2 protein chains.
Amino acid sequence: MTAHEAAGPTLLPANAMAGRDDPVDRILAAAYELFSRRGIRGVGVNELISSSGVSKATFYRHFPGKNDLVLAFLELRDQVWTADLIVAEARRRGNTAEEQLLAVFDVFGDWFKRTDFEACTFINVLLEMGPGHPLGQASIDYLSKIRGHIQALAEEAGLDRPEEFARSWHILMKGSIISATEGDTLASRRARQMARWLIEHHRSL
Amino acid sequence: MTAHEAAGPTLLPANAMAGRDDPVDRILAAAYELFSRRGIRGVGVNELISSSGVSKATFYRHFPGKNDLVLAFLELRDQVWTADLIVAEARRRGNTAEEQLLAVFDVFGDWFKRTDFEACTFINVLLEMGPGHPLGQASIDYLSKIRGHIQALAEEAGLDRPEEFARSWHILMKGSIISATEGDTLASRRARQMARWLIEHHRSL
DNA sequence: ACAGGGACAGACAAGTCTGTCTCCATATCT
DNA sequence: AGATATGGAGACAGACTTGTCTGTCCCTGT
C-alpha cells in the first residue's frame, strides 16, 4: 500500500505537484472526453492511456480497474456538467426560482444545438450497463441528485408537493434529451411549454 | 431457462418458443430475448448461437453479420412491441381517440411493473450505438414510426397541430420510460397527467 | 437407392478487451 | 551519494469478440 500520508503535513514540496501535470488529472480529462462521447464500453483502457499520455502501469497504480475510473468520471461529470453547466447556469439566468426552473430548458436549448452534444451521461451509462450493475446504480444516484436540485428550486419557489413536482419535471428533462439525440433540437421548447403547465398546476392548491 | 413465459401477456411473441424447426425463427427468438434484456454489445454471436441451438455456420448462412441480425431484431421489436403490445393495446382500451391516447400511459403503467421490464429497445440501441451508427439511425426511424402512431391518433381526435403534438407526447413517453428504468414505477401516472394537459392545450384552437 | 442441401459441431483466425508484468529513466528524500 | 518512489514504454497473459472453414450427420427429391 502506498503509505505516504503517515508523514507530517506538507512533507512534499510544493513544486512537486505544481511543476508537472498530475497523471490522475490527465487520465480523468481523457476519460471525460472519451466516455462522454462514446460511452463506457466504447472506450478501452489502451485508448484511454494512449490518449492521456500515461503508461498502463501508472493507470493501474491510481485506479484499481476500469470501473473505478468510470466511477470517478461520473463524479466529475456530476460536478462539471450537472452542477456547473446546468444548475449554476440556470440559476444565473433567472431572477426568481420559477424563472430559474424554466431556464433549465433554455440551457438545454443551447446545449442541444452544440455539435458535440452527447446526451446525458447518466442516462447513457444507466441504459448501457443496466440498473443492476454498480455503474448503473451510481448513475441512478446521480440522476436523483439532479432531481434534488430541481426539488430545491421547487421548494424555493414555494410550489406544492416539490418531490412529486421534481419527478414530473425530470421526466420532461430526460424525454427532451432523448428527443434531442434523435435530432429534434426544438425539444427543449416543447418540454419548456409542458414545464410551464406543470408549474401552474403546482402553484394553485 | 428463464422461466417467465408462464405469466400472462408475455413480451415475447407467441412463436418465440414455438418455431422449433426453422433455425431463423430460433435465432430471432434468442435475439429478441437476449438483445432486449442486455443490449446489442452485451450479447455475442457465440451466446446467440448456443442459446438458439443453431450452429455458427447456420447462423452466418442466414445473416451476413451480427448487424443484419440486429436490424431484423429491431424490425421484429417494432411489430411485437410497438404495434401489438403498445399501440394495439392502447386502441383496445379506449373508446375515443383521446381515450386511446391516454391509454398509452396506462399500458406503460402495467409494463413498468413487470419484473422483466427492459426499457425501450430503440432508445437503448440509439444511445448505445449513437445517432451516427446505422443501427442508431434505424432506431431513430423506428422511434419516428412510434411518433407516427401518436400523430395518427391525434388526427383522429381532431387535435390541433398533430405533428407538434406527437413530438411533445413522445417526450413524455420517453421520459417516463427512463424514470421507470430508474425505479419510479409511478412515472406513467405523472406522464399521463402532463399528457392530459397537453391534450387540453391542443384542443382549443 | 442415392445424390445433394441444410443443419450441427467445433476448430481456427484475427482482432479486441482488461489487467499484470518487466525494464529503464528520473526526481526527490534520507 | 544512495535509497525510494514515481513515471513512460511496452511485452505478455488470458479471456473475450466476430467471422471462416472443415468435417459429419440427416433428411428429402429423384
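**DNA strand C.** I looked up the residues around DNA strand C and found 20, with A:Gly44, A:Ala57, A:Gly65, B:Ser55 and B:Thr58 coming nearest. I counted a residue as near a molecule or strand if its C-beta atom, placed from the backbone, lies within 6 Å of it. This is a predicted model: local features need pLDDT of at least 70 and side-chain atom pairs count only at pLDDT 80 or more, while totals for chains, interfaces and linings use all residues. Residues are numbered from 1 along each chain as its sequence is written, and chains are lettered from A and ligands numbered from 1 in the order in which they are written.

I then sorted the surface near DNA strand C by element. α1 (14-19), α3 (45-52) and α4 of chain A, along with α3 of chain B, each supply at least two residues. α3(B) gives the most, with four residues. Helices (H or I, at least four residues) and strands (E, at least two) are DSSP runs, numbered from the N terminus. By class I noted nine nonpolar, seven polar and four charged residues. Ala, Val, Leu, Ile, Met, Phe, Trp, Tyr, Cys and Pro count as nonpolar, Asp, Glu, Lys and Arg as charged, and the others, Gly among them, as polar.

**DNA strand D.** Here I found 19 surrounding residues, the closest being A:Ser55, A:Thr58, B:Gly44, B:Val45 and B:Gly65. At least two residues each come from α4 (56-62) of chain A and from α2 (45-52) and α3 (56-62) of chain B. α4(A) gives the most, four residues. The classes are six nonpolar, eight polar and five charged.

**A helix pair in chain A.** I checked α6 (residues 97-113) against α10 (residues 187-203), both of chain A: they pack at an angle of about 170°, with their axes 9 Å apart. α6(A) is therefore roughly antiparallel to α10(A), a label for angles over 145 degrees. Axes are lines fitted to C-alpha atoms, for helices over the stretch in contact, and angles run from 0 to 180 degrees between N-to-C directions. The contact includes A:Leu101, A:Phe105 and A:Phe108 of α6(A) and A:Ala191, A:Ala195 and A:Ile199 of α10(A). Residues are in contact if their C-beta atoms, placed from the backbone, lie within 7 Å. I noted nine nonpolar, two polar and four charged residues in this helix contact.

**Chain A against chain B.** Each chain puts residues into the contact: 31 from chain A and 31 from chain B. On the side of chain A, α7 (121-129), α8 (134-156), α9 (162-182) and α10 give two or more residues. The largest share, 12 residues, comes from α9(A).

Note on methods: Parallel < 35°, antiparallel > 145°, perpendicular 65-115°, else oblique. Contact = placed C-beta atoms within 7 Å.
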